Amino acid sequence: MQIRQVPYDHPDAVKLDAEVQLEYAARYDSEGDETVLHPRMFDPPGGIYFLAYDADGRPVATGGWRSQETNDEGYSDGDAEIKRMYVTVEARGLGLARRILARLEESARAAGRTRMVLETGTKQPEAIALYRSSGYTDCPKFGHYRYDPLSICLAKPLA
């Protein structure tokens, strides 16, 4: 597997984003994640986006972070918010999510971010288990889904 930094609007990123939206829609009986994301939010140094490719060059996993500062959605200064962590069905169980998570944390720390934050949901037990086993703990809710009872917000200091 090879992990590459790419723009959020890279064709392979767009393809996997469409797949993860279908998964969100199925799990939550919804239209998918309605959080507004713009490709430039993931441009360094204010963010980053990664894709993992298998040995045949197929995109199989993705994840990014975007900078956040204190605002009316509950973020804090220095936050790096994880977005679009996803591993295709055929590539699950290979440790790709954990590898991408490590790269996200490393890059956020290098960019001067002080805390990694994320929002997930109760219908994503695999994601919750990954984050908790990686040192993430519950934090006050933030973001687009902060009032949704299915939302879970987690954080990890980067110091």
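Student: Which residues are linked with Asp 17 in a network of salt bridges?

Tutor: In this predicted model, the network joins Asp 17, Asp 33, Lys 83 and Arg 84.

Student: Why is the contact of Asp 17 and Arg 84 called a salt bridge?

Tutor: The N to O distance between their side chains is 2.5 Å. The cut-off is within 4 Å, so the pair qualifies. This pair links distant parts of the chain, with Asp 17 in helix H1 and Arg 84 in strand E4 (residues 79–87), 67 residues apart.

Student: What makes Asp 17 count as buried or exposed?

Tutor: Its relative accessibility is 17%. Buried means under 20%, so Asp 17 is buried.

Student: And how do you know which label Arg 84 gets?

Tutor: Arg 84 has 5% relative accessibility, and this value is also under 20%, so Arg 84 is buried.

Student: Where do Glu 19 and Lys 15 lie?

Tutor: Both are in helix H1 (residues 11–28), four residues apart, or about one turn of the helix.

Student: Why is Glu 19 called partly exposed?

Tutor: Its relative accessible area is 26%, which falls between the 20% and 50% limits, so the label is partly exposed. Lys 15, at 43%, is partly exposed because its value falls between those limits.

Student: What makes the contact of Asp 54 and Arg 58 a salt bridge?

Tutor: Their side chains meet at 2.8 Å, N to O. That is within 4 Å, so the contact counts. Asp 54 is buried at 14%, whereas Arg 58 is partly exposed at 49%.

Student: How many salt bridges does this rule give?

Tutor: The count is 16.

How values were computed
Residues numbered from 1 in each chain as written. Predicted model: local features only at pLDDT ≥ 70, side-chain atom pairs only at ≥ 80, totals over all residues. Heavy atoms only, no water. Helix = DSSP H or I, 4+ residues; strand = E, 2+ residues; numbered from the N terminus. Buried < 20%, exposed > 50% of the residue type's maximum accessible area, 1.4 Å probe, protein only.
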